[in-house]
Amino acid sequence: MRTVVDDAASAEFRAFFERHYAELARLAHLLTGEPDAADDLAADALLALWHRWDRVRAADRPVAYARGVVANLARTRVRSAVRERRRVALFWSQREERTENPDVAGVVDVREALRRLPFRKRACVVLRHAFDLSERDTALALGVSVGTVKSQTSKGVAELQRLLGTRAAPRAPRQVRTAIAHSGEAAGGAR
């Protein structure tokens, strides 16, 4: 049974949410550089605040507390992205594939298109199509679900096709394989 105190706390939190959600989302966007993640981080922070609402509402500056929660969540997200990049770099460095007479212009185009993809989509496309990893192995490498790999790969390939101006679905993975192989050679030669 709900009490008057519970109703008051709920109304107070709802007012706090409405007043500060946009600000917290903007903070998350600026900290991570990821507009898509901003809403999720703000929502996660507010959920965490709701679970500790008695403590938060008793604080001198609840908004400062909320900003700290967003900053911590953003830091965790950035660290996770760095770990993902390291995993992908590890796969790239272990790849020993060479291509004879590559289409250099095509490789440059694919590299540029890959750089324009958000990191997770890029990682899924590269691991699935350039390294021929299974959906499960890609999910394990990136620390995400198989469903995320499926959706991010599909969206990533579609975006690559749009960026490259091609409708031939089988062509994009071959171009990605070639571009990644040559990216690895360029990185290996710089060592």
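## The largest pocket

The largest pocket of this predicted model holds about 610 Å³ of space, where a pocket is an open set of points on a 1 Å grid over the protein atoms alone, at which a 1.4 Å probe fits, with protein on both sides within 12 Å along at least five of seven lines, and where the volume is the space filled by probe spheres set on the points, joined across faces, edges and corners. Its lining, made of residues with an atom within 4 Å of a point, comprises 21 residues, of which Glu34, Ala37, Arg77, Pro118 and Arg120 lie nearest the centre.

Helices H2 (35–51), H4 (62–94), H6 (119–130) and H8 (146–164) each give two or more residues to this lining, helices being DSSP runs of H or I with at least four residues, numbered from the N terminus. H4 provides the largest share, 7 residues. By class, the lining divides into 7 nonpolar, 5 polar and 9 charged residues, with Ala, Val, Leu, Ile, Met, Phe, Trp, Tyr, Cys and Pro counted as nonpolar, Asp, Glu, Lys and Arg as charged, and the others, Gly among them, as polar.

## Helix H2

The 17 residues of H2 should span 24 Å at 1.5 Å a residue, which agrees with the 25 Å between its end C-alpha atoms; the expected span is 1.5 Å times one less than the number of residues. Buried residues (under 20% relative accessible area, with exposed over 50%, partly exposed in between, a 1.4 Å probe and protein chains only) in H2 are Ala37, Ala38, Leu41, Ala42, Ala45, Leu46, Ala48 and Leu49. Seen down the helix axis, these buried residues fall within an arc of 165°, so they line one face of H2, the arc being that of the directions from the axis to the C-beta atoms. The face turned away from the buried side carries the exposed residues Asp36 and His51.

## Salt bridges

With a salt bridge taken as a side-chain nitrogen of Lys or Arg within 4 Å of a carboxyl oxygen of Asp or Glu, the count comes to 6. Glu12 pairs with Arg57, their closest N and O atoms being 3.0 Å apart, and this pair links helix H1 (residues 4–32) to helix H3 (residues 53–58) across 45 residues. Glu12, Asp54 and Arg57 are linked in a network of salt bridges.

Lys121 forms a salt bridge with Glu159, with closest N and O atoms 3.2 Å apart; Lys121 lies in H6 and Glu159 in H8, so the pair ties together parts 38 residues apart in sequence. Both Lys121 and Glu159 are buried.

## Basis of the values

Residues are numbered from 1 along each chain as its sequence is written, and side-chain values use heavy atoms, with hydrogens and water left out. As the model is predicted, local features need pLDDT of at least 70 and side-chain atom pairs count only at pLDDT 80 or more, while totals for chains, interfaces and linings use all residues.
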